[in-house]
Amino acid sequence: MTHTGFSTFAWLFFACCFCYSIAFPTNLNQEASNDRPVIGILTQMISDEVMKPFGKTYIPSSYVKYIESGGSRVIPIRLTLTTDDYETIFRNINGLVFIGGAVNLETSDYARVAKIFYRLALKANDNGDFFPIWGTCMGMQLLTVLVAGKNLLANTMAENIALPLNLTNEADSSRMFEGFPKELMEALTKEPITGNFHHYGLPVKTFHANKALHSFFSLLSTNVAENGVHFASTIEGKRYPFYGVQWHPEVNRFQWDGKHNFPHSAHAVQLSSLLAQFFVNEGRRSLHQFDNPEEEASSLIYNNTPVYAGNFTGYEQIYFF
Ligand SMILES: *[C@@H]1O[C@H](CO)[C@@H](O)[C@H](O)[C@H]1NC(C)=O
Ligand SMILES: *[C@@H]1O[C@H](CO)[C@@H](O)[C@H](O)[C@H]1NC(C)=O
């Protein structure tokens, strides 16, 4: 091939590529895809005496590992910042996690900051700016308080017990369980692979009686508390990518204290892995980003060092702030 011949060939080739991309722009960009997601985890206030010497707020490393295992990086979100700061952080991150704990869900700093992010997320999703939120245990309870506008929780004690889920019909058509293999769905209803560590919860009756809640969320599973009350154990936003589990998927792979009933079977591990991947994949659909790589690097939790806590808590390691 002569030099000119090659040029012509190359020109045709590029022209062709160009035409192709002109012809299918919407197909290529239909779903945003961000392969460098960053998920924010809201720090939790310390209520446990043994943890007080280390700081005012914390994140157990099990939640961080859980999110990292789905293919994301994590930033901790402190509770001491201004509303402006939180708005900036919101524009930087691709999803948010509310972890468990024991604080007032209406009057605490934790609740105050959560509400700021919740409102930002509602508005963003309404404007086509996809932004997912995940709540675990008290984090799920917090989502119900935010959506209902009041605290409807009741005693649904299920403390230190692993349970199978009583799946509803809606679970079959849920996004959360969509990619689950049949065998795992079956295990989910038969094997005790969801760890429960809670005193309060949302009674199923309350869920069905409250219009704000049942029009916002699909109820995917229920469980029975020690006092016989049926409580909502898994919920998923109908129009919003907001997800709540009353149980703890992160313990299945990242907590080992022998005094706790942490499920560690192969199915328990698979369940935890798939849910982490599911949520991070939701985060990939957000195109929020940091203004520059330096700011991103200095915000990541890699800058913090967890403390060994296996000898004084049920966690292996904890980040303190
Ligand atoms: C499962 O949930 C249904 C309602 O959806 C309820 O009637 C049934 O009692 C529950 N079963 C168990 C074992 O919790
Ligand atoms: C836990 O272990 C660390 C060493 O890894 C030690 O410094 C600390 O005092 C221990 N804490 C308790 C409460 O035993």
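This is a predicted model: local features need pLDDT of at least 70, side-chain atom pairs count only at pLDDT 80 or more; totals for chains, interfaces and linings use all residues.
Residues are numbered from 1 along each chain as its sequence is written, while chains are lettered from A and ligands numbered from 1 in the order in which they are written.

Helix α11 packs against α3 and against α7. Helices are DSSP runs (H or I, at least four residues), numbered from the N terminus. Axes are lines fitted to C-alpha atoms over the stretch in contact, and angles run from 0 to 180 degrees between N-to-C directions.

| Pair | Angle | Axis distance |
|---|---|---|
| α3 (residues 61-69) and α11 (residues 266-284) | about 70 degrees | 7 Å |
| α7 (residues 182-190) and α11 | about 110 degrees | 10 Å |

The α3 angle makes α3 roughly perpendicular to α11 (65 to 115 degrees). Helix α3 passes α11 in a right-handed crossing (near helix turned clockwise from the far one by less than a right angle). Tyr-66, Ile-67 and Ser-69 of α3 meet Ser-272, Ser-273, Ala-276 and Val-280 of α11 (C-beta atoms, placed from the backbone, within 7 Å). This contact has four nonpolar, three polar and no charged residues. Ala, Val, Leu, Ile, Met, Phe, Trp, Tyr, Cys and Pro count as nonpolar, Asp, Glu, Lys and Arg as charged, and the others, Gly among them, as polar.

Helix α7 crosses α11 in a left-handed way. Leu-184, Ala-187 and Leu-188 in α7 meet His-267, Gln-270 and Leu-271 in α11. Here the residues are four nonpolar, two polar and no charged.

Around ligand 1 stand Asn-166, Thr-168, Thr-222 and Val-224 (C-beta atom, placed from the backbone, within 6 Å). This shell holds one nonpolar, three polar and no charged residues.

Conventions: Helices (H or I, at least four residues) and strands (E, at least two) are DSSP runs, numbered from the N terminus. Angles under 35 degrees count as roughly parallel, over 145 as roughly antiparallel, 65 to 115 as roughly perpendicular and the rest as oblique. Two residues are in contact if their C-beta atoms, placed from the backbone, lie within 7 Å.
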